[in-house]
Amino acid sequence: MIFTRYSNTLRWLIIVASFAIVSLILWKTYEFFQHFKEEERTKMENWSFAQTDFINSETNANLDLTLKILNSNKTTPMLVINEDGSLGSYNNINDAKITDSLYLKKLIVRFKQENKPISVKLGDSIVGTIYYGNSELLNKLKYYPLALLLIVFLFGAVIFFFYRSNKNATQNKLWSGMAKETAHQIGTPLSSLIGWAEILKTENTNPDYIVEIEKDIDRLQTITERFSKIGSIPTLEVADIIKETIDSYDYLKARSSNLIEFDLKIPEGDILVNLNKQLYSWCIENLVKNAIDAMKGRGKITIEISQLENTIMVTVTDTGKGLSKKDFNRIFEPGFTTKKRGWGLGLSLTRRIIEDFHDGKIKVLQSEKGKGTTFQITLKRA
């Protein structure tokens, strides 16, 4: 209980601490980079002094230290340009490329951008200029913060997706438990209604009343089966999608307002698809009910089935208020709804039934503000 109460504070403390640690590492890396860069500059200045000493030296002078300094540079790319613009000497640069004048000019420009050139003086006159770039180690160190940020980003992404999947799994267990409990709760009064219907048959009751009661009892049994299947993998069987769509269409049409015009467009013959009948009818029902809400109880709903080779398309079109493009994908998210009332679960559940259980696809095919929306279900032929 205490952990739950302070979990949000603890989460923010961890985030702030992680940000502080990463910032400290980046800052120390930058400091080390600058320190290393200063050391390379000092090395190049010493090299320039050694070069000056070599030029000024007499024939019999001891140049062991000078030559050792001149030959010590094994990592930093550099070149010496004489006062007249000719190439004096170079170090750690490709021998084949250095003869290319265009490459040499580009190299000088790059070196000037990386480091300030150093003049080689003979007395008060400048006899040459040293241009040098960053060593390979320094270049690698320069990209180290980016690599660190990438690692931190990937680590954060792993944590985020783990947290999200764990949260989704917990929510799924909760919804599954609620659905199964709902099915269980409905089952008790449903059994009683079946018993009362049988008693009414023995009385002098209008048979038409009993027929309608039995239809609603069948409907309640279907709803109970739907809820009981949530949280478990449903069984699919080969079924005629045209027949199943017509059954759902007839039921919804008979129980909808006369202000709603229904239109069904289906091809001739049978189209066999691997279906769970109860869950598929639930999808059609959700789409139609959303369409009725979007039209505020007045308008036209068109259900159409078409086929393309091994693909079956079921579209539900309404003449309602329509959707904005930014909501095309969000409308399938749990909890998202454009209605003043509602849980925002119908379309989310529909997508799960179609995509997770039937290996199909559902999307907003098209929508226009004030003109209506078309949803499309895509399934594979059995």
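In the predicted model, Leu 122 has a relative accessibility of 31% and therefore counts as partly exposed, since that class covers values between the buried limit of under 20% and the exposed limit of over 50%. Leu 122 belongs to strand β3, which spans residues 118–122.

Strand pairing is described here for β1 and β2. Strand β1, comprising residues 78–82, runs antiparallel to strand β2, comprising residues 87–91, and the two are joined by 4 bridges. Within this arrangement, Val 80 is placed opposite Ser 89 of β2. The two strands form a hairpin with 4 residues between them, and in the turn Gly 85 adopts a positive phi of about 95°.

A search for aromatic pairs across the whole structure returned 2. One is formed by Tyr 249 and Phe 262, whose rings are arranged edge-to-face, with a centre-to-centre distance of 5.8 Å and an angle of 85° between the planes. This pair links distant parts of the chain, as Tyr 249 lies in helix α8 (residues 241–254) and Phe 262 in strand β6 (residues 260–265), 13 residues apart. Tyr 249 counts as buried because its relative accessibility is 8%, and Phe 262, with a relative accessible area of 11%, is likewise buried.

Phe 332 and Phe 375 also form an edge-to-face pair, for which the computed geometry is 6.1 Å centre to centre and 90° between the planes. Here, too, distant parts of the chain are linked: Phe 332 is located in the loop between α10 (327–330) and α11 (346–357), whereas Phe 375 is in strand β11 (residues 372–380), 43 residues apart. Both Phe 332 and Phe 375 are buried.

Positive phi values were also found in residues other than glycine. Lys 296, which is not a glycine, has a positive phi of about 55° and is situated in the loop between α9 (277–294) and β8 (299–308). With a relative accessibility of 77%, Lys 296 counts as exposed. Glu 309, also a residue other than glycine, has a positive phi near 55° and occupies the loop between β8 and β9 (311–318); because its relative accessibility is 70%, Glu 309 counts as exposed.

Definitions and conventions:
Residues are numbered from 1 along each chain as its sequence is written. This is a predicted model: local features need pLDDT of at least 70, side-chain atom pairs count only at pLDDT 80 or more; totals for chains, interfaces and linings use all residues. Side-chain values use heavy atoms; hydrogens and water are left out. Two strands pair if DSSP finds at least two bridges between them. Buried means under 20% relative accessible area, exposed over 50%, partly exposed in between (1.4 Å probe, protein chains only). Rings of Phe, Tyr and Trp (its six-membered ring) pair if their centres lie within 6.5 Å; planes under 30 degrees apart count as stacked, over 60 as edge-to-face and the rest as tilted.
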